[in-house]
Amino acid sequence: MSKATVQHNDSNVDSLLRFMTCGSVDDGKSTLIGRLLFDTKTILADTLTQISNTSKKRGMEAVDLSLLTDGLQAEREQGITIDVAYRYFSTGTRKYIIADAPGHEQYTRNMVTAASTANLAIILIDARRGVLTQTRRHSYLAHLVGIQHIVVAVNKMDLVNYDQATYDKICADYLAFAQEIGFAQARDIKFIPLSALAGDMLVDRLDNMPWYKGETLLEILESAPAAHTEGDEEFRFPVQFVCRPHASADADLHDFRGFMGRIESGGISVGDAVTVLPNGYQSKVKAIQLGDAQLQSAQTEQSITLLLEDEIDTSRGDMIVKTGSAIQPVKQIEAFVCWLSETPMSLARTYVIRHTTRESKAKVGTISYKVDVNTLEEQATTDLKMNDIARMTFKLAQPLMVDSYATNRATGAFIVIDESSNNTVGAGMII
Amino acid sequence: MTNKQTKHQQPLSHLDWLESEAIYILREVAGQCSNPVLLFSGGKDSLCILRLAEKAFRPGRFPFPLMHIDTGHNYQEVIDFRDQRAAELGERLIVRSVEDSMKRGTVVLKTPDESRNKHQSVTLLEAIEEFGFDCCIGGARRDEEKARAKERIMSFRDEFGQWDPKNQRPELWNLYNARSHKGENIRAFPISNWTEMDVWQYIERENLALPSIYFAHQRDVVMRGGSIVPVNVPLVSGEVANPLKAGEEIINMQVRFRTVGDISCTAPVISDADTVSKIVLETATSTITERGATRLDDQTSDASMEQRKKEGYF
Ligand SMILES: Nc1nc2c(ncn2[C@@H]2O[C@H](COP(=O)(O)OP(=O)(O)O)[C@@H](O)[C@H]2O)c(=O)[nH]1
């Protein structure tokens, strides 16, 4: 039972954290990421030489750390960032994956994409400008996509003389707004004053802001819990692949039937009673395997193979849950949908919805309203264009086993696929 | 949600998490694609992927064959290791060679000693067509190079094998979309989120065997344009790669390779790390990126990798 027993201590954080940065152009996002990489010694000498050469070429005196996160040639030429980029650094205690998405209004889809795998969001505010429309937009999207931990980073403090009153006012403004959207109660929100350019309060604490006694940005990151370790989520195991090596001459393997997949939430132990959905067959867990290892129990985010006591006809797309769990197959879903494609959504067409490892054909039911991401106003609409977010329903050809996104990010999320192009055209969060 | 709630589990280590994610991606490929293939070079990244595939699919067989695109300019040790590993696993290994493409006339070298690395894409596309593969699993990592930072886990290639940065599918949660129409192709990268350090730590933890040239050894080299270049390397064909040029002086140095690829474009680094744990230590204190140190073909331009990706490189 070693894995399932509880160990309470403060340092018991997951050794991997995924976070995202949100900010409008010029808020200092690239500089902040560059700083984090630089101050944690992730940047190696040859890369540094490369960017310092580029800095010189562009006539800059100091090394421009924002060049580190400069992406592809095409956008370098256009001078803008057009997509989500992933960066890595490690502190020895934790590995970090940063999703870096541009903050332009027309890039709602990029933000939603970046947010979908993040457990923490750093929302950048320019200290000279305070809480702006884009701050609201970024916060709303982080909220919508279910990010539990928000760090409001008031950047460019050097340009306001490291003034505490300016900082306090921005924090108060932000909190007022967060309360208004019902965000403050639900989330863990932290505030921090920064100068990304000077490298103040990111990894190092310089002497400029003695009035700030809180954690540095890196300290916040080091202690932030990753989402899945909070709360008691129910066991959800979408079957990815069924292993049946029956052709094998090995007698032991002759009847082997392993259900392979990743535990999306909760935990499971040998002997637990389980139900396979949508058919409702019941059995018990006979064994749990990970490679050569036989486990007594397994937990969220582990990829394992489950063996059941009974021979049950199960295939990819089925979901194994604990017997008695409230989840039921449904043929209609209501969700917030973010449209990702340049081709607007068609009410007449049939799409494919992929939810966990399962797919179903789907038709649009009704669209209740569209959300203006700047004002958060609900507007009546009959269509959905790229970057729009709407509350709507889908009718499904095949039943799906869903939870609400608010209770379970893995079984509450789906993507919409256009079969003619095979493109991913929408992202949904079930209500 | 507050932090007060009870936590009933021991957090996964970062290697456990990365391993689990990679297994999940491999199983998604198996579940979604009808005819995938695993690109296997004998190098450290692809050896990690083989271990991950074992964990993903044993006691069953792999739901895909292995394939190596051989430039004909590979170290003999690596080729032997490749064959031995495939045999131990009892999995099918397909080898297609750039030299055959040269014979067919589909690969034309500008000069006889031009690096064949970039020509692998032609041979790869020919093999994809020959076998009708709809997905190639590769060992690329996002931290390898700037142009890869935006690469998807499931990366879409058109009928010409081209990667169009503007035509990539949004990738949300772990809902990977590996669908393709006939003739199109998906490149799947299960270790996208790994760094060089993660790879070495995983090799250490899993006790994976590696080709000997990854470990410090004595080798005849010369200095060319600031890089260490192995010279007079015997090839399977009987020829030698990187022949000594007039006026060059051979130095015998203790070196190891951080990546193994085409001899003409993979340089070793000076090192006395002769065990995996010493390599882990050395990687932790290294001041140069893997590609910066060892890939002669990437130094030409900031954007050279991106250019090659567009042409169908992995
Ligand atoms: N004075 C000052 N300038 C900053 C700070 N952070 C970023 N900048 C500058 O603001 C400009 C935009 O920064 P950048 O990181 O490119 O912003 P991005 O568009 O959000 O990625 C650059 O000229 C940076 O040097 C800061 O803390 N203080």
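**Thr108(A).** I started with Thr108(A), which is buried at a relative accessible area of 2%; buried means under 20%, exposed over 50% and partly exposed in between, with a 1.4 Å probe and protein chains only. Thr108(A) sits in helix α4 (residues 108–116) of chain A. Helices here are DSSP runs (H or I, at least four residues) and strands are E runs of at least two, numbered from the N terminus. I then looked up its contacts, meaning heavy atoms within 4.5 Å. Leaving aside neighbours within four places in sequence, Thr108(A) is in contact with Leu141(A), Cys338(A), Val373(A), Asn387(A) and Ile389(A).

**Ground rules.** I'm working on a predicted model, where local features need pLDDT of at least 70, side-chain atom pairs count only at pLDDT 80 or more, and totals for chains, interfaces and linings use all residues. Residues are numbered from 1 along each chain as its sequence is written, chains are lettered from A and ligands numbered from 1 in the order written, and side-chain values use heavy atoms, with hydrogens and water left out.

**Ligand.** Which residues come nearest to the ligand? Of the 16 around it, they are Asp26(A), Lys29(A), Ser30(A), Thr31(A) and Asp158(A), where being near takes a heavy atom within 4 Å. By class I noted four nonpolar, seven polar and five charged residues in the shell. Nonpolar covers Ala, Val, Leu, Ile, Met, Phe, Trp, Tyr, Cys and Pro, charged covers Asp, Glu, Lys and Arg, and the others, Gly among them, are polar.

Next I went through polar contacts (pairs of N or O atoms within 3.5 Å; within protein, one must be able to donate a hydrogen and the other to accept it, and residues adjacent in sequence count only if both atoms are side-chain atoms). A side-chain N or O atom of Ser30(A) is 2.5 Å from a ligand oxygen. For Ala196(A), a backbone N or O atom lies 2.9 Å from a ligand oxygen. A polar backbone atom of Asp27(A) is 3.4 Å from an oxygen of the ligand. The protein covers 77% of the 580 Å² of accessible area that the ligand has on its own (Shrake-Rupley method, 1.4 Å probe; for residues, only the protein chains shown count as cover).

**Helix α1(A).** This helix (residues 29–39) gives the shell its largest share, three residues. Nine of its eleven residues are buried, including Lys29(A), Thr31(A), Leu32(A) and Arg35(A). I checked what covers them, and the list includes β1 (16–22), β2 (85–90), β3 (95–100), β4 (120–126) and α7 (217–223) of chain A. Just after the helix, Lys41(A) has a positive phi of about 60 degrees.

**Cores.** A nonpolar core is a set of buried Ala, Val, Leu, Ile, Met, Phe, Trp, Tyr and Cys residues joined through side-chain atoms within 4.5 Å. The largest has 152 residues, and Leu32(A) and Ile150(A) are among those touching the most other members. Its largest share, ten residues, comes from helix α1 (residues 14–32) of chain B. A second, separate core of 21 residues includes Val364(A), Leu384(A), Phe414(A) and Ile430(A).

**Chain B.** I counted nine helices and twelve strands. Of its 314 residues, 62% are buried. In helix α6 (residues 196–206) the buried ones include Trp200(B) and Tyr202(B), and just after α6(B), Asn207(B) takes a positive phi of about 55 degrees.
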